[in-house]
Amino acid sequence: MRDFSYQRASSIDEARQASLQAGAMLLAGGTTLLDLAKCGVTEPDAVIDISHLDGLDLITFDGNGATIGALAKMSAVADHADIRSRFPAVAQSLSLAASAQLRNMATIGGNILQRTRCTYFRDPVAFPACNKRSPGSGCSALGGITRNHAVLGTSDACIASYPGDLAVALVALDATIHIGDRRVAAEDFFLLPGDTPDRETVLGRGEIITAVGIPSSAAAHNSVYLKVRDRQSYEFAAASAAVGLELDADGVTIRDLRVALGGVATVPWRARAVERALTGQRLDAEAVNAASLLAMEGAVSHGDNRYKIDLAPRVVARAILSLGGIA
């Protein structure tokens with residue numbers, strides 16, 4: 001780790017200005033920045049500490065929904081009684097992420113911005129070719145071991161999967177990312193790799209996530225985050241699904257359905273084809289299982305990750321049926 005300067009920002013405006021310095025990076029919980037610095041992926045010239053800024057850790061509610069400050073800790077949001085009751089998929093996505101120690105340190109904003117766990121991205125010594133880390137250098141994952149890589153939203157330049165859980169729930173529930181006075185739909189906040197995998201979000205220079213807004217809805221209230229992984233703790237998703245479901249008064253017709261996928265795409269992936277196929281239909285296992293296959297429309301396997309194309313629809317179907325009370 002090389003030397004860097006340290007600045008403790010006294011306000012958001014000061015942090016924004018300081019972040020415009022060449023080589024500057026923001027420090028909140030530090031669970032991503034320090035990790036990437038240790039493995040040589042990130043080498044900041046200046047670190048701007050925003051961890052103490054007043055007001056950015058608040059969790060508030062009004063008639064429209066919840067607003068969660070970017071500096072709120074993952075554990076605080078996961079354990080918040082109103083988040084758990086009104087947005088269970090959000091609380092579950094946080095509770096199933098990382099370890100208890102990390103959840104006590106990591107912030108909501110940092111969690112959203114976490115970088116991929118692609119082995120080739122995180123080891124610049126052994127694998128110097130990585131378009132996400134060094135644009136134009138190539139993709140070492142192509143032709144390599146790809147079990148944890150994406151099958152949706154990939155390009156010839158990058159097949160690295162987005163690793164987070166929370167953002168999947170946010171995309172499913174139509175949340176917005178607050179960038180100062182700017183509001184961006186969570187689904188639009190993340191960028192597909194295309195030819196520029198090094199640009200992962202719509203954040204511009206000097207911009208900082210300040211909060212997340214989650215609108216209230218019946219589907220959000222009846223939501224779930226289902227995560228399938230190789231072990232039960234401290235593991236990233238092989239495939240996950242955030243699902244919200246609202247039924248008509250008859251208790252069997254789907255009025256509103258929200259579905260997003262994690263672990264299988266380069267960004268948190270909204271499965272709108274599944275939503276369209278089931279909205280207005282009766283909730284039954286046969287229909288749900290058939291429609292869930294649409295979640296993999298356009299999927300491309302890269303050898304070792306072929307199993308995700310079979311796994312993800314099963315995760316989606318299981319999540320939908322569980323919300324409808326069907327085993």
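Select Y120: at 9% relative accessibility this residue is buried (under 20% relative accessible area; exposed is over 50% and partly exposed in between, with a 1.4 Å probe and protein chains only). The model is predicted, with local features requiring pLDDT of at least 70 and side-chain atom pairs pLDDT 80 or more, while totals for chains, interfaces and linings use all residues. Residues are numbered from 1 along each chain as its sequence is written, and side-chain values use heavy atoms, without hydrogens and water.

Rings of Phe, Tyr and Trp (its six-membered ring) pair if their centres lie within 6.5 Å; planes under 30 degrees apart are stacked, over 60 edge-to-face, and the rest tilted. By this rule there are three aromatic pairs. Y120 and F127 form an edge-to-face pair, at 4.7 Å between centres and 75 degrees between planes.

Next, select Y162, F189 and F190, which form one aromatic cluster.

Y162 is also among the residues that Q114 touches, as are T32, P163, G164 and F236, leaving aside residues up to four places away in sequence (contact: heavy atoms within 4.5 Å). Q114 is buried, with a relative accessible area of 15%. The side chain of Q114 reaches the backbone oxygen of N111 at 3.0 Å.

Finally, show the open sheet of five strands, ordered β4-β5-β8-β6-β7 with antiparallel pairing (strands are DSSP runs of E, at least two residues, numbered from the N terminus; two strands pair if DSSP finds at least two bridges between them). Its edge strands are β4 (59-62) and β7 (182-185). Four bridges join β6 (residues 176-179) to β7, and I179 has R182 in β7 as its bridge partner.

Conventions:
A polar contact is a pair of N or O atoms within 3.5 Å; within protein, one must be able to donate a hydrogen and the other to accept it, and residues adjacent in sequence count only if both atoms are side-chain atoms.
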